[in-house]
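Please examine the sequence and the model shown below. The paragraphs that follow begin with the surroundings of a single residue and then widen to the strands and the whole chain.

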Amino acid sequence: MPVESGSSAAARQAKQKRKSHSLSIRRTNSTEQDRSGLQRDMLEGQDTKLPLSLRNNLLDLFSQIEREFENLYIENLESSHSTSQLSQKLKTTYKASTSKIVSSFKATTSRAVCQLVREYVGHRDGIWDLSVTRTQPVVLGTASADHTAMLWSIETGKCLLKYLGHQGSASGDQTAHIWRYMVQLPTPQPVADMSQQTPCEDDVDFSDKDEADGEVEGPNDCPSVRVATTTLRSHQGVVIAADWLVGGKQVVTASWDRAANLYDVETSELVHSLTGHDQELTHCCTHPTQRLVVTSSRDTTFRLWDFRDPSIHSVNVFQGHTDTVTSAVFTVGDNVVSGSDDRTVKVWDLKNMRSPIATIRTDSAVNRISVSVSQRIIALPHDNRQVRLFDMSGVRLARLPRSNRQGHRRMVCCSTWCEDNTSCNLFSCGFDRQAIGWNINIPALLQEK
C-alpha cells in the first residue's frame, strides 16, 4: 500500500481549507427552506473544522443577507418604474404651466399696446442721434453718418429741411454747428387705425434679413442749408453729442478728445473745458431746470458737473458700470439714469449717488436712453435691434414690436420722448438708416404694473 508523502498531505489539507471558505450564495427559484437545506448539504460535504452550530448560524446569516439583497433589487425595479412615470408627469405639468404663463403674459400685454405709427426714411447711412424741438414748431431732428442732419414733420413723415454744412460723419469734422431754419409744416394726414396694430409682446421675429442694405433715395424736394450761423471749435476729436444748458445761452459738447466744452452761443467763445475722463466721451446731457451737466465715457464712468454757483464748478465721478457708459440722462426729479455696454441701466439719486437705487439687467448692450417727463418711463435702445420700456424702479413694462415687417433691422442707437404729441410720443433711430415714430399707450402700461 503506497504511503502518502508529508508534502502531498500538507498540500491536500491547504486545498481543502481554501475550499471550505469559498462559500457562494446562489439565487434560485426554490423556497427559502430548499435553499437552506441545499447550502447545509454543501457545507456538510466539505471538510471543515467549524462546529455544526456555527456553520448553521453562518447559513442563517447568509440567507438573511440574500433576502435583503432581493428586497433591495425589487424595490429598485419598482422605484425606477415610478421615477419614469413621475418624470413624464412633471414634463407634462411643466409644459401645461408654461403655456398658461405665456398666455397670461400675452393677455396682459394685449391691453398695453405699443404701435409703430410712422417711419422717417431718407438718410443714406446710419442715424446716430435724434431729438425733438422743445419749442414750437415741434419737429423731429436726426443726425446721420452720411454727413447730414434732417428736420422732419412728425405728423406726415416728410423731410422739412436738410443741413449739409458738416464735412464729416455726424460731427466728424471736430466742430459743432448752430444753424437757423424756417419751416412750413405740412397739413397733417389721418393717422392709421391703431387698433389693427400688433401688441408689443406678440410680435415674432421671423427673419433676420436686413432690408436696408439697398440704396435709399433721399427726399429730393427737401430744401437744404449749407452754412451755419455759428461754428463752435476747440475740440481735437469727433464731436459725438451736444446739448443746450438751461436758459439757451450756452451749449455743451462732448468729444472723442476726452473733453466736454461749454460755449457761449452769442460769442462762440469757449467758457469751460471739462476734462478728467480717461477715454473718449460718448454722450453729454444737461438738467432741464438747473445748471448741471452729466458726461459719459468709455472709461466706464460718468461725471456730474455743477455750474449753479458761478464761482465754484464742482465735479463728481461715478463708477457704477464695468464697461463703456453709453449715456447718462437727467430726469425731471432728482435722478440720473445711466446706460452701458455692460448690459445694465442704473438709476441714481442726486442726493446720494454712492450706489444706484435700481439696476436693470438686460441681454444686450444699451445705447442712448431717454426718460419720459411726466411718467418717467425709461426707453432702452439695444444693440440687438430691440427697444424696451422700464419704469424707474426697474420693472419691465413692454418691448416695442420688431419683426421682418416692422421695427428696426439693425442696432438701435438712440431714443427720445415727445409726450405732448398725440400721434407719436416716442422716437427711435438706428443703423438701418431710419427713424421710427411710436405711439405708446402709457396709461395702459402703468395700469399693468
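S297 touches H277, Q279, E280, L281, T282, T324 and V325, leaving aside residues up to four places away in sequence; a contact here means heavy atoms within 4.5 Å. The model is predicted, so local features need pLDDT of at least 70 and side-chain atom pairs count only at pLDDT 80 or more, whereas totals for chains, interfaces and linings use all residues. Residues are numbered from 1 along each chain as its sequence is written, and side-chain values use heavy atoms, with hydrogens and water left out.

One of the residues touched by S297 is Q279, and the side chain of S297 reaches the backbone oxygen of Q279 at 3.1 Å. R258 lies 39 residues from S297 along the chain, and the C-alpha atoms of the two are separated by 7.8 Å. S297 is buried, with a relative accessible area of 0%; buried denotes under 20% relative accessible area, exposed over 50%, and partly exposed the range in between (1.4 Å probe, protein chains only).

S297 belongs to strand 14, which covers residues 292-297. Strands (E, at least two residues) and helices (H or I, at least four) are DSSP runs, numbered from the N terminus. Strand 14 pairs with strand 13 in the antiparallel sense over five bridges, where pairing requires that DSSP find at least two bridges between two strands. The two strands form a hairpin with five residues between them, and T286 has V293 of strand 14 as its bridge partner. Strand 13 (residues 281-286) is largely enclosed by the rest of the structure, because six of its six residues are buried.

Another part of the chain holds an open sheet of four strands in the order 9-10-11-12, with antiparallel pairing. Its edge strands, each pairing on one side only, are strand 9 (239-244) and strand 12 (270-274). From one strand to the next, the twist averages 20°; axes are lines fitted to C-alpha atoms, for helices over the stretch in contact, and angles run from 0 to 180 degrees between N-to-C directions. Strand 9 is joined to strand 10 (residues 250-255) by five bridges, and the two run antiparallel. W244 stands opposite V251 in strand 10.

The protein chain as a whole has four helices and 27 strands. Of its 449 residues, 44% are buried. Among contacts with a separation of 6 or more, 52% join residues 24 or more positions apart.

Definitions and conventions: A polar contact is a pair of N or O atoms within 3.5 Å; within protein, one must be able to donate a hydrogen and the other to accept it, and residues adjacent in sequence count only if both atoms are side-chain atoms.
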